[in-house]
Amino acid sequence: MIDSYIYIIDDLIFFCTGLLLLYLFVMAIASHCKHIIYPKAQKEYGCAILVPEGSILPDMYKEEAYEFITYSDLHQTINSLDQEQYDLVLFLSNTACTLSPQFLNKIYNAYDAGVQAIQLHTVVENRKGIRNRFRAIREEIKNLCRASNTQFGLSSNLLGTNMAIDLKWLQKNMKSSKTNIERKLFRQNIYIDYLPDVIVYCQSAPVCPYRKRIRKTTSYLLPSIFEGNWSFCNRIVQQLTPSPLTLCIFVSIWASLITVYNWTLSFGWWIALFGLLITYSLAIPDYLVEDKKKKKHSIWRRKHLNSELKKKLE
């Protein structure tokens, strides 16, 4: 009797894990497809670049044609912006340190095509140490989801910073600094694009300025299905998906337990674990792999030079 319950539970968990693995694998493959290139904007736009007090960007780009506005109260600053002067607002993280070339032009091209909300590509610069490298990988896995969503015609999710949004929409919908902008955009079925070639380099992984309550977001699942708001449905599914580390640890532990209980049932679980590792490896960009190779080569080179010096001294 106990055996039958274990088999049923194992089959159910394996079925759910298999569906999740298939979903993640398809998303990982789609993220590597070429993103749409918008034509050049037909008119000039005004963009207010909001940065927190203490940001280094205004000093770094004081010779560029960027209009930086520092703020202490985000909501008050947005409401004070003149719609005649600015068309969209660009939020940058307090850890942002460098911007990619042609930064604003690419944003204007997407905005001119009718995109009201744009998520930019965040790259973590400080990757020294296991913890910082893991955070950089985690950000790139999130970027994988953003890129794959847009390949299927679905909205990208928002980080909460390093994003550009239409000013008129913001002043109408942002009630406070803690307003969940992402949820409001999804509920109104407004398309959010992701621009992988518009990069914001940050010293550390940025933190979302507002709280994302999964329980409240999940309550919108059924209404979104009935309304046909598939972007919001997809976003809710991604929020409910365990983190890569949690999922890999769970599958590893369960596979080990099943191996001890009945090793003939464990083959599928070890294949699933291997599939997860392959899927997540597709999300790791070349620059993170090259960093590790350079580090190994520098260590080898240092050891080689030390050994050569010892030989010469002897």
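This is a predicted model: local features need pLDDT of at least 70, side-chain atom pairs count only at pLDDT 80 or more; totals for chains, interfaces and linings use all residues.
Colleague: How many residues of H4 are buried?

Modeller: Of the 10 residues of H4, 7 are buried, so the helix is largely enclosed by the rest of the structure. They are Phe103, Leu104, Ile107, Tyr108, Asn109, Ala110 and Tyr111, with buried meaning under 20% relative accessible area, exposed over 50% and partly exposed in between, for a 1.4 Å probe and protein chains only.

Colleague: And what covers the buried residues of H4?

Modeller: The cover includes S1, S3, S4, S5, S6 and S7.

Colleague: Which residues have the most contacts inside the largest nonpolar core?

Modeller: Those are Ile49, Leu90, Leu92, Phe103, Leu104 and Ile107, in a core of 29 residues. At least two residues each come from strand S1 (47-52), strand S3 (88-91), strand S4 (96-99), helix H4 (103-112), strand S5 (117-124) and strand S7 (192-202), and H4 gives the most, with 6 residues. A nonpolar core here is a set of buried Ala, Val, Leu, Ile, Met, Phe, Trp, Tyr and Cys residues joined through side-chain atoms within 4.5 Å.

Colleague: What is phenylalanine 103 in contact with?

Modeller: Once neighbours within four places in sequence are set aside, phenylalanine 103 is in contact with Tyr66, Leu90, Leu92, Leu120, Val198, Ile199 and Val200, where contact means heavy atoms within 4.5 Å. There is also a second, separate core of 25 residues, including Val89, Leu158, Phe186 and Phe232.

Colleague: Switching to charges, how many salt bridges does the search find?

Modeller: The whole structure gives 3, a salt bridge being a side-chain nitrogen of Lys or Arg within 4 Å of a carboxyl oxygen of Asp or Glu. In one of them, the side chains of aspartate 197 and lysine 106 meet at 3.7 Å, N to O. That pair links distant parts of the chain, since aspartate 197 is in strand S7 and lysine 106 in helix H4, 91 residues apart. Aspartate 197 is partly exposed at 42%, and lysine 106 is also partly exposed, at 27%.

Colleague: Where do glutamate 182 and arginine 235 lie?

Modeller: The two side chains form a salt bridge at 3.1 Å, N to O. Glutamate 182 lies in helix H7 (residues 181-187) and arginine 235 in helix H10, so the pair ties together parts that are 53 residues apart in sequence. Both glutamate 182 and arginine 235 are buried.

Colleague: And how far apart in helix H5 are lysine 142 and glutamate 139?

Modeller: They are 3 residues apart, which means about one helical turn between them, and their salt bridge is 3.8 Å, N to O. Lysine 142 is partly exposed, with 34% relative accessible area, whereas glutamate 139 is buried, at 2%.

Colleague: Is glutamate 140 buried or exposed?

Modeller: Glutamate 140, found in helix H5, counts as buried because its relative accessibility is 6%. Apart from neighbours within four places in sequence, glutamate 140 is in contact with His121, Thr122, Val123, Ala283, Pro285, Tyr287 and Leu288.

Colleague: Last topic: what is the volume of the largest pocket?

Modeller: The volume is about 790 Å³, and of the 31 lining residues the closest to the centre are Arg138, Lys142, Asn157, Arg235 and Gln238. A pocket is an open set of points on a 1 Å grid over the protein atoms alone where a 1.4 Å probe fits, with protein on both sides within 12 Å along at least five of seven lines, and lining residues have an atom within 4 Å of a point. Points are joined across faces, edges and corners, and the volume is the space filled by probe spheres set on them.

Colleague: How does the lining of the largest pocket divide into nonpolar, polar and charged residues?

Modeller: The lining has 19 nonpolar, 6 polar and 6 charged residues, counting Ala, Val, Leu, Ile, Met, Phe, Trp, Tyr, Cys and Pro as nonpolar, Asp, Glu, Lys and Arg as charged, and the others, Gly among them, as polar. H5 supplies the largest share of the lining, 8 residues.

Terms used. Residues are numbered from 1 along each chain as its sequence is written. Side-chain values use heavy atoms; hydrogens and water are left out. Helices (H or I, at least four residues) and strands (E, at least two) are DSSP runs, numbered from the N terminus.
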